[in-house]
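Okay, everyone, thanks for coming. I'd like to walk you through one model today, so let me put it up on the screen.

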Amino acid sequence: MKSFNTEVAILGGGIIGIATAYYLKKRSPSCKVTLVEQNQFMAFTSAQSGENYRNWWPHQTMKAFTEHSIKLMEDIAIESNERINMTRRGYVLTTRNDDINGIIKELEYSYGPDNNHLIRHHGHTHINTYQPPHSERWQDAPKGVDVLQDKQLIQEVFPNFSPEIRSIIHIRQAGMLDSLQMATFMLDKFRALGGERILAKVTSIEKQQKFTVYLTDKQQVIADKVVNACGPFVAEIAQMLDIKLPVKNILQQKIAFPDVKKAIPRVQPFSIDLDEQYLDWDKDERQLLAADDEFKWLTDKLPGSIHCRPEGGDKGNWIKLGWAFNEQEAKAIMQPQLDEHYPDIVLRGAAKLNPALKSYYGQLPRNTVHYGGYYTTTEENWPLIGETEVEGFYINGAMSGFGTMAACAAGELCTQWLLQEELPEYADELSLKRYNNPDFIKQLKKYDKGIL
Ligand SMILES: Cc1cc2nc3c(=O)[nH]c(=O)nc-3n(C[C@H](O)[C@H](O)[C@H](O)COP(=O)(O)OP(=O)(O)OC[C@H]3O[C@@H](n4cnc5c(N)ncnc54)[C@H](O)[C@@H]3O)c2cc1C
């Protein structure tokens with residue numbers, strides 16, 4: 001048996017494990033840290049990310065947490081000489097409704113009491129001070145949110161959108177980044193600071209005075225502390241120490257393809273159609289689908305939040321489409337089975353906001369990439385970061401559809417728990433401790449989960 005001694009063993013080499021390893025070595029260079037991954041680093045869920053980020057959340061806690069993460073990403077962008085290709089054209093949420101009071105109330109709450117200058121309305125009666133997202137540089141973007149309700153202005157700035165769109169909520173501190181570059185930057189720093197990596201699968205964990213983490217190939221790691229950052233397998237790993245985590249896995253998919261027909265302007269921000277919809281079938285297609293028990297649901301009203309965005313920057317020509325409509329819990333496996341009909345479904349869904357996409361009906365390019373991974377999530381769609389009932393065993397997981405944007409803050413927060421530093425205000429709420437307060441959990445049910 002080959003045995004390694006370490007102070008902290010971090011299990012899982014996705015973006016969350018890597019960020020934890022990076023912040024821990026950065027904050028405490030003398031700490032002996034070992035990062036364990038069963039396959040390649042960044043090859044599982046983290047490789048499937050849409051790589052979008054935003055500071056908008058319906059609850060102040062999640063907003064403060066992701067906003068801090070964005071600040072940490074900016075630090076890395078500067079330190080790495082912009083290697084992570086972070087852009088900031090924003091998130092453009094669109095709806096055919098004039099009445100968006102519900103969304104405005106959420107914005108007013110989550111942007112806090114001094115939000116007057118952060119939520120800017122651009123209706124008929126307002127002086128037009130809207131700054132269109134011409135620049136992709138994150139340094140150029142304004143803060144806050146622009147609310148557009150002037151039809152002419154909407155059509156001028158977003159000529160590609162369906163003319164039915166009546167309101168736009170433009171979240172400005174939002175955009176895209178290259179998460180693989182960010183992980184590589186953090187891994188390089190981790191290694192340079194003396195961090196160790198082991199490629200092997202965790203098969204079991206025991207705790208006596210120290211932890212023994214058993215690995216494949218007759219290896220083991222003896223550690224004072226362990227961090228479980230195993231993504232969709234986080235509950236399985238916790239179960240090795242009889243810890244039950246309140247998480248589930250839900251498979252979500254995306255497609256990407258070269259926009260050979262130039263349907264989407266390269267300068268279009270990440271755009272989301274918030275409205276529920278009936279998919280765009282012709283009469284015969286609709287009849288056929290409705291008569292088939294397996295496909296009947298495709299003629300029903302489907303939820304909103306379909307995404308579309310250009311991929312690869314202004315000079316690229318790919319686009320990405322996504323729609324997280326699946327709600328079925330699944331057991332995580334390494335190669336999840338994708339739905340062969342998904343590309344056609346998401347294309348038709350996205351064409352409601354971007355009618356030019358209709359030109360791809362029945363003729364998506366051959367090299368269309370269809371991929372997917374799990375949203376590992378708690379009921380309230382908040383992460384789990386911090387200590388567990390087993391002393392010395394920490395969790396950093398349940399990152400659902402926001403793990404890329406939250407990775408830096410999650411890695412830093414887990415480090416603060418590990419080093420027993422002063423914790424930020426939101427620490428308990430983002431840890432298992434929140435379940436000790438049933439009133440708080442009940443109160444959370446009033447808020448939208450923030451799944452876009
Ligand atoms: C389709 C899709 C789109 C998304 N889009 C976005 C987005 O636009 N923006 C955003 O912020 N987030 C997005 N996300 C979410 C984000 O990708 C995830 O939250 C994040 O990647 C989770 O990272 P992780 O490190 O927790 O998990 P993972 O990346 O899955 O890493 C866990 C690692 O643990 C390893 N592991 C598991 N079991 C063991 C074991 N027994 N022994 C050793 N190693 C083990 C795995 O091999 C894996 O590498 C998206 C997710 C999906 C699925």
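Let's start with what sits around the ligand. By class, the shell has 17 nonpolar, 21 polar and four charged residues. Keep in mind that this is a predicted model. In total, 42 residues surround the ligand, and the closest are G12, G14, G50, G231 and G403.

So where does that shell come from? Several elements supply at least two residues each: α1 (15–27), β2 (33–37), β3 (52–54), β13 (248–258), β20 (369–377) and α9 (403–418). Which of them gives the most? That's β20, with four residues.

Now zoom out to the domains. Domain 1 covers 2–51 + 178–247 + 379–444, domain 2 covers 91–174 + 249–377, and both give residues to the shell, so the ligand lies between them.

Okay, on to the backbone. Most residues other than glycine have a negative phi. N81 has a positive phi of about 60 degrees, and it's not a glycine. E82 isn't a glycine either, and its phi is positive too, at about 65 degrees.

Where are they? N81 is in the loop between α2 (60–79) and β4 (91–95), and E82 is in the loop between α2 and β4 as well.

And how exposed are they? N81 has 8 other C-beta atoms within 10 Å, so it counts as exposed; the cut-off for that is 12 or fewer. E82 has 14 within 10 Å, so that one is partly exposed.

Okay, that's what I had. Happy to go back to any of it.

Key: Residues are numbered from 1 along each chain as its sequence is written. This is a predicted model: local features need pLDDT of at least 70, side-chain atom pairs count only at pLDDT 80 or more; totals for chains, interfaces and linings use all residues. A residue is near a molecule or strand if its C-beta atom, placed from the backbone, lies within 6 Å of it. Ala, Val, Leu, Ile, Met, Phe, Trp, Tyr, Cys and Pro count as nonpolar, Asp, Glu, Lys and Arg as charged, and the others, Gly among them, as polar. Domain bounds come from an automatic or database domain assignment. A residue is buried if 20 or more other C-beta atoms lie within 10 Å of its own, exposed if 12 or fewer, and partly exposed in between; C-beta atoms are placed from the backbone.
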